[in-house]
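Dear colleague,

Please find below the structure that I am handing over to you.

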Amino acid sequence: MSAVVTEVDRQVDTPASGPREGAFGNAVALACRECGHQVALGPFYACPECFGPLEITYEFPAITREEIEAGPRNIWRYKALLPVPTDIESSPNTEPGFTRLLRADNLGRELGIENLWVKDDSTNPTNSFKDRVVACALSAARELDAKVFACPSTGNPATAVAAAGARAGIKTVVFIPSNLEQPKQVNSAIFTENLVAVEGNYDDVNKLASEIAGEEEGWAFVNVNVRPYYAEGSKTLGYEIAEQLGWRIPDQVVIPVASGSQLTKVDKAFQELIKLGLVEDKPYRIFGAQAEGCGPVATAFKNGTDAIRPVKPDTIAKSLAIGNPADGIYVLDITRRTGGAVEEVTDDEIREGIVLLARTEGIFTETAGGTTVAVTKKLVETGVLDPTKETVVINTGHGLKTLDAVSGQVGAAATIAPTYSAFKATGL
Ligand SMILES: *Cc1c(COP(=O)(O)O)cnc(C)c1O
Ligand SMILES: [Zn+2]
């Protein structure tokens with residue numbers, strides 16, 4: 001799956017007024033994940049033959065660790081492995097990536113894992129991993145001469161799109177479910193005048209976006225018609241984890257699953273690094289984390305089936321609340337092939353996960369990260385995850401985005417009169 005294609009069919013049709021030479025770096029075509037049919041690079045996302053999802057393929061030149069290490073401390077250090085032009089650093093962007101990879105010995109002790117790391121993507125420009133994918137989508141939108149930069153969103157994409165568009169000086173329009181947490185709405189609206197709240201869940205918003213993308217000229221919806229470019233941005237998480245471990249792939253990685261794109265791209269990144277000889281080939285296991293209130297992939301994994309039944313999301317993990325995940329089938333494929341699993345946890349476990357990470361490592365994560373921590377705990381307890389193996393947990397977003405989730409969980413230990421005796425009475 002998702003092999004690095006080095007030979008492509010050069011007979012691919014190129015539109016008369018296509019993108020400029022080098023617009024997509026070492027990317028050479030879009031290939032269907034299902035039937036392999038290839039189309040020229042453009043604003044396409046579905047296979048004209050079978051409607052399968054299109055994915056970027058590349059012809060990579062030889063690339064060394066030193067060349068990458070000499071690059072900027074953001075995702076563009078991997079520009080040779082992304083569908084972006086070679087001069088990408090010179091165009092205005094919010095420069096996400098190269099976030100910290102932290103040893104998590106305290107959390108490891110709590111969970112019984114000997115060798116644990118947290119990849120902390122809450123420190124990206126708009127405090128979630130979505131800045132990575134949106135930066136790649138923005139580059140594609142520009143190269144394709146889009147007039148409007150847009151997205152249907154579970155929250156974080158809207159914020160990332162609105163901020164990146166503001167900095168790049170391109171009009172943004174972002175669509176969210178109207179029941180989204182208030183802080184996330186403010187987080188997007190601060191960057192754009194064009195926040196549209198849609199009465200419905202994410203899947204309804206997504207459907208509307210696809211319709212607009214089909215009707216309107218020149219709209220680049222990051223996760224719809226430029227999704228193949230957008231999705232590639234998630235590979236940088238895999239590259240960074242390997243580079244920050246000293247060019248080594250970890251034994252186990254735990255990744256939250258919404259559409260499933262991020263998980264599949266971390267796997268693609270590891271495969272590319274191996275093929276390019278940048279890391280040693282070794283077995284690794286990939287685990288997916290979902291909330292019980294929206295766990296269609298976890299359910300299919302447990303049932304041992306490939307059929308993912310769409311669900312109506314009902315969970316505090318709103319950034320993971322995609323009831324009909326586009327890449328769910330590939331998540332099943334990868335977790336099964338690598339000897340991983342997809343597990344789900346309750347909203348209460350998610351809240352406990354958030355508090356646990358905060359109290360052990362000083363990292364405040366949003367509900368998606370609470371889900372990942374709680375799933376990691378459950379996987380150790382059920383003997384699925386090997387606690388003796390090097391493990392990386394990905395924290396994809398900042399806790400300030402979902403304060404409500406834990407505001408009933410934590411607070412003042414005591415409210416006292418401003419006197420020493422009152423303080424002593426607290427026993428602190
Ligand atoms: C979007 C998102 C994810 C998952 O992304 P997919 O690639 O759609 O699976 C995880 N965490 C956070 C915080 C997100 O915003
Ligand atoms: Zn196809």
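The notes below concern the ligand, the pocket and the cavity.

Please bear in mind throughout that this is a predicted model.

The ligand

Ligand 1 is surrounded by 15 residues, and the closest of them are Lys 130, Asn 156, Ser 259, Gln 262 and Thr 396. By class, this shell consists of six nonpolar, seven polar and two charged residues.

Ser 259 places a polar side-chain atom 2.6 Å from an oxygen atom of ligand 1. For Asn 156, a polar side-chain atom is found 2.8 Å from an oxygen atom of ligand 1. Ser 261 contributes through its backbone, with an N or O atom 3.4 Å from an oxygen atom of ligand 1. Taken on its own, ligand 1 has 380 Å² of accessible area, and the protein covers 96% of that area.

The pocket

Which space does ligand 1 take? It is the largest pocket. The volume of the largest pocket is about 860 Å³. A total of 48 residues line this pocket, and those closest to its centre are Asn 223, Arg 227, Ser 259, Ala 326 and Asp 327.

Several elements each supply at least two residues of the pocket lining: the strand β3 (54–58) and the helices α3 (130–143), α4 (156–168), α6 (202–215), α7 (227–232) and α9 (261–275). Of these, α7 gives the most to the lining, with five residues. The lining of the largest pocket divides into 22 nonpolar, 17 polar and nine charged residues.

The cavity

How many cavities of 30 Å³ or more does the structure hold? There is one. The largest cavity contains about 30 Å³ of space. Its lining is formed by Val 118, Leu 357, Thr 365, Gly 369, Thr 372, Val 373, Val 393, Ile 394 and Asn 395. Both α13 (367–381) and β13 (391–395) supply at least two residues of this lining. Five of the lining residues of the largest cavity are nonpolar and four are polar, with no charged residue. The lining of the largest pocket, by contrast, includes nine charged residues.

Yours sincerely

Notes
Residues numbered from 1 in each chain as written. Chains lettered and ligands numbered in written order. Predicted model: local features only at pLDDT ≥ 70, side-chain atom pairs only at ≥ 80, totals over all residues. Heavy atoms only, no water. Near = heavy atom within 4 Å. Polar contact = N/O pair within 3.5 Å; in protein donor to acceptor, adjacent residues only side chain to side chain. Areas by Shrake-Rupley, 256 points an atom, 1.4 Å probe, with all protein chains shown as cover. 1 Å grid on protein atoms, 1.4 Å probe; cavity = no way out; pocket = protein on both sides within 12 Å on 5 of 7 lines; lining within 4 Å. Sits in = over half its atoms within 2 Å of the grid points. Nonpolar A, V, L, I, M, F, W, Y, C, P; charged D, E, K, R; others polar. Points joined across faces, edges and corners; volume = space filled by probe spheres on them. Helix = DSSP H or I, 4+ residues; strand = E, 2+ residues; numbered from the N terminus.
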